[in-house]
Amino acid sequence: MKVIDRSIRGDYRDLNEDVTGIFKNGTGQMLMLVSDGMGGHRYGDVASRFVHDEVGAAWENENLLNVEDGVEFLRRLVMDINRRMFDYQQENPEYQGMGTTLVLAAVIEETIIILNVGDSRAYAMNDRTIEQVTKDHSFVNMLVDAGEITEAEAKVHPKRNIITKAMGTDRLIQADVFRLRNRQYDYLLLASDGLTDDPDDSELHAIITRGGRALEEKASQLVDQALKSGSTDNISLVLADLKASEGE
């Protein structure tokens with residue numbers, strides 16, 4: 001497996017509040033993440049960096065025997081980091097209101113474990129199809145699920161940036177958990193909403209699965225496409241070629 005990440009401030013923000021991470025533990029198990037500090041909230045960059053550093057350190061110091069252990073470890077880890085970040089805000093009022101999204105993927109044996117809180121997304125794909133694995137914790141997605149608006153209407157809805165679940169905003173948070181069979185997919189993409197707000201899934205799929213280009217070039221083209229589509233947010237991604245060896 002080969003993995004690459006990108007994170008840029010974008011054309012309309014003064015600060016990059018996104019963070020990406022790629023970590024390995026002692027047995028070579030890989031974990032990737034994207035954390036998007038909430039724009040408009042105080043210290044969004046502090047929140048995303050806090051989550052990045054805590055998840056990375058915990059992963060690098062843990063060796064997991066099997067998938068079940070991995071799921072339980074990650075589920076508890078996300079809950080614990082959220083609780084500590086929430087408590088820190090209560091003890092330090094100047095940081096109250098900070099929050100961040102989190103999407104992470106860990107590869108253990110032949111399984112990809114994915115957890116998410118917020119509206120950063122995970123996509124899995126092969127040559128034939130792209131699948132949005134995670135479900136946005138957002139106000140507009142609730143309206144879509146209720147049948148009140150369409151997905152196209154959600155993209156331009158005035159309240160499309162309202163998140164209904166985020167790290168650090170409540171003391172008790174549970175991440176959504178997904179499991180994928182590694183062998184069914186060729187690529188895995190984790191992304192902040194700055195990347196996914198405007199290009200549709202078919203555009204992401206075409207850029208990533210088009211042959212003859214290195215993974216670095218595919219990642220750069222994804223960022224360029226988001227900028228060209230008018231993204232007004234920070235733009236971040238982690239892209240994994242699940243079938244490649246690290247030396248390729």
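Modeller: Arg-171 is partly exposed, at 40% relative accessible area. Bear in mind that this is a predicted model.

Biologist: Which residue does Arg-171 meet in a salt bridge?

Modeller: Arg-171 sits in the loop between α4 and β8, and its partner is in helix α2, so the pair ties together parts 84 residues apart in sequence. The N to O distance is 2.9 Å.

Biologist: How far apart are the closest N and O atoms of Asp-145 and Lys-135?

Modeller: Asp-145 lies in helix α3 and Lys-135 in the loop between β7 and α3, so the pair ties together parts ten residues apart in sequence. Lys-135 is partly exposed, with a relative accessible area of 44%. The two form a salt bridge, and the closest N and O atoms are apart by 3.0 Å.

Biologist: Is His-157 buried or exposed?

Modeller: His-157 is placed in the loop between α4 and β8. Its contacts, leaving out residues up to four places away in sequence, are Phe-139, Val-140, Leu-143 and Ile-149. Buried means under 20% relative accessible area. His-157 has 18%, so the answer is buried.

Biologist: What separates the C-alpha atoms of Leu-195 and Ser-120?

Modeller: Leu-195 belongs to helix α5 and is buried, at 0% relative accessibility. Its contacts beyond four places in sequence include Leu-222 and Ile-235. Ser-120 is 75 residues away along the chain, and the C-alpha separation is 9.4 Å.

Definitions and conventions: Residues numbered from 1 in each chain as written. Predicted model: local features only at pLDDT ≥ 70, side-chain atom pairs only at ≥ 80, totals over all residues. Heavy atoms only, no water. Helix = DSSP H or I, 4+ residues; strand = E, 2+ residues; numbered from the N terminus. Buried < 20%, exposed > 50% of the residue type's maximum accessible area, 1.4 Å probe, protein only. Contact = heavy atoms within 4.5 Å. Salt bridge = Lys/Arg side-chain N within 4 Å of Asp/Glu carboxyl O.
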